[in-house]
Amino acid sequence: MMKKRWISLLVENEVGVLARISGLFSGKSYNLNSLTVGPTEDHTISRMTISLTGDDRTFEQIKKQLNRSVEVIKVIDFTNIATHMKEVMYLKLTNCTEQDLVEIKYITEVFGVTLVDYDRTAVLIESAHNESKNNDLIRFFEKHFVNRFEIVRGGSVAIEALRSCH
């Protein structure tokens, strides 16, 4: 059965590691939904957070291959464990009227997002929520501000929860 998967890797922070790891996924004909990489508190190690959709058998094969990779220090499957996960997203709205600007200010409060920049006819909104809440925000803007916005989404980052709650 195909389902959404989340995996976190601790890898050596070296040139070419990202290409080799992403190559493992493309070699299995997997399309990654999201891939985020950043350094950890140890500058020689990076954390990769990867989202993809796949079946159990193939996903297990990929995890085994990753564990055999020399550059991979640790593989953590976040699919069925409690995590704290966020995705950064920016929405730029253009051709705004004064009434739009008033409405957008209210929308930012309701959705818990931040108005980070604006001028007389455009606004830039930042959202650091989970993927589902960001999708809700996009659907809202698709309905109310048709063809007047641009989206930039970063990959998700995740860490295991301290307790078993989400």
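Strands are DSSP runs of at least two residues, numbered from the N terminus. On that basis, strand E5 gives the largest share of the lining of the largest pocket, 3 residues. The model is predicted.

The largest pocket has a volume of about 170 Å³. Its lining is made up of Trp-6, His-84, Met-85, Lys-86, Asn-130, Glu-131, Ser-132 and Ser-156. Two elements give two or more residues to this lining: strand E5 (83-93) and helix H4 (131-144). By class, the lining residues of the largest pocket divide into 2 nonpolar, 4 polar and 2 charged.

Strand E5 also belongs to a sheet. This open sheet has 4 strands in the order E6-E7-E5-E8, and the pairing is antiparallel. Its edges are held by strand E6 (114-118) and strand E8 (149-160). Each of these edge strands has a single partner strand, so one side of each is left without a neighbour in the sheet. On average, neighbouring strands here are turned by 15 degrees against each other, direction ignored.

Within this sheet, E6 and strand E7 (residues 123-129) run antiparallel and are joined by 4 bridges. The two strands form a hairpin, with 4 residues between them. Two pairs of opposing residues can be named. Thr-114 stands opposite Glu-126 in E7. Leu-115 stands opposite Ile-125, again in E7.

Helix H3 (residues 98-111) lies across E5, E6 and E7. The helix runs at about 10 degrees to E7. Lys-105 is one of the residues in helix H3. Its relative accessibility is 44%. Because buried means under 20% and exposed means over 50%, Lys-105 counts as partly exposed. The C-alpha atoms of Lys-105 and Val-123 are separated by 9.7 Å. Along the chain, these two residues are 18 residues apart.

A further open sheet is formed by 4 strands in the order E2-E3-E1-E4, with antiparallel pairing. Strand E2 (32-39) and strand E4 (72-77) stand at its edges. Each has a single partner strand, so one side of E2 and one side of E4 are left without a neighbour in the sheet.

Strand E2 pairs with strand E3 (residues 45-54) in the antiparallel sense, over 7 bridges. In this pairing, Ser-34 has Ser-51 in E3 as its bridge partner.

Helix H1 (residues 17-27) touches strand E1 (3-12), E2, E3 and E4. The direction of H1 makes about 20 degrees with that of E3. Helix H2 (residues 56-68) touches E1, E3 and E4. The direction of H2 makes about 0 degrees with that of E1.

Notes: Residues are numbered from 1 along each chain as its sequence is written. This is a predicted model: local features need pLDDT of at least 70, side-chain atom pairs count only at pLDDT 80 or more; totals for chains, interfaces and linings use all residues. Side-chain values use heavy atoms; hydrogens and water are left out. Two strands pair if DSSP finds at least two bridges between them. Contact means heavy atoms within 4.5 Å. Axes are lines fitted to C-alpha atoms, for helices over the stretch in contact, and angles run from 0 to 180 degrees between N-to-C directions. On a 1 Å grid over the protein atoms alone, a cavity is a set of points where a 1.4 Å probe fits but cannot get out, and a pocket is an open set with protein on both sides within 12 Å along at least five of seven lines; lining residues have an atom within 4 Å of a point. Grid points are joined across faces, edges and corners, and a volume is the space filled by probe spheres set on the points. Ala, Val, Leu, Ile, Met, Phe, Trp, Tyr, Cys and Pro count as nonpolar, Asp, Glu, Lys and Arg as charged, and the others, Gly among them, as polar. Buried means under 20% relative accessible area, exposed over 50%, partly exposed in between (1.4 Å probe, protein chains only).
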